[in-house]
Amino acid sequence: MARICVFCASSQRLESRWLDLAHDLGVEIGRRGHELVSGGGCVGMMGAVADGARAGGGRTYGVIPQTLVDLEVADTKSDELVVTDGMASRKTLLIERADAFITLPGGLGTLDELFEVWTTATLDLHRKPILLLDADGFYGGLMEWLRGLARQEFVRTTALSMLLTSRDVGESLDLIEASLLAA
Ligand SMILES: C/C(=C\CNc1ncnc2c1ncn2[C@@H]1O[C@H](COP(=O)(O)O)[C@@H](O)[C@H]1O)CO
């Protein structure tokens, strides 16, 4: 069993294909016996992945700041919900709790979380696998831009190679499980 943290969109105005993707990933995390670690929200893809994990028989662990609890967007169905005093302490707890990270399509919050776990990995502050689930080529533009940064020596190619990528839910979890087994 691994504790897999999923970063994804909180927006409530998304096409159903993104909510379905998050739900499918959650179901597969639960079905494989893993715990879902998440930002503890019940809206958008965040709610879909958590509901999916529970539907698949998995345990869910959420970490959410009090400000978002006050806005009534907390995943109150979570098996364990930790409330923090701010966004920074929330992110620290998420990173400490998880064994691995998967990033689904998302906006600024999702990108912030991806870059935090990725930069800390490049600094060898942790050795937890990080995977970008690039469904429908959502992250194609970002990856192309990052490869350009590597060509110009702003980013090390070893940093780029730390990021696992896949376009598929099952393959993403296969890659994470293989990486955890190899560690
Ligand atoms: C009040 C509304 C939405 C609530 N917003 C959030 N709820 C929970 N977690 C959030 C929220 N906004 C950001 N986060 C964290 O960042 C990621 C999602 O951010 P994005 O900008 O939507 O990509 C997510 O992983 C959370 O940890 C009204 O709609």
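This report describes the sheet, a helix pair and the ligand shell of a predicted model.

## Basis

Residue numbers start from 1 along each chain as its sequence is written. Because the model is predicted, local features need pLDDT of at least 70 and side-chain atom pairs count only at pLDDT 80 or more, while totals for chains, interfaces and linings use all residues.

## The sheet

Strands pair if DSSP finds at least two bridges between them.

Strand 2 (residues 35-38) pairs with strand 3 (residues 59-65) in the parallel sense over four bridges. In this pair, V37 is opposite Y61 of strand 3.

## Helix 1 and helix 2

Helices are DSSP runs of H or I with at least four residues, numbered from the N terminus. The axes of helix 1 (residues 16-31) and helix 2 come within 6 Å and cross at roughly 30°; axes are lines fitted to C-alpha atoms over the stretch in contact, with angles from 0 to 180 degrees between N-to-C directions.

Residues are in contact if their C-beta atoms, placed from the backbone, lie within 7 Å. Among the residues that meet are W18 and L19 in helix 1 and M45 and A48 in helix 2.

## The ligand

Of 19 residues around the ligand (C-beta atom, placed from the backbone, within 6 Å), G39, G41, G106, G107 and G109 come nearest. Helix 5 (residues 108-122) gives the largest share of this shell, four residues.

Definitions and conventions
Helix = DSSP H or I, 4+ residues; strand = E, 2+ residues; numbered from the N terminus. Contact = placed C-beta atoms within 7 Å.
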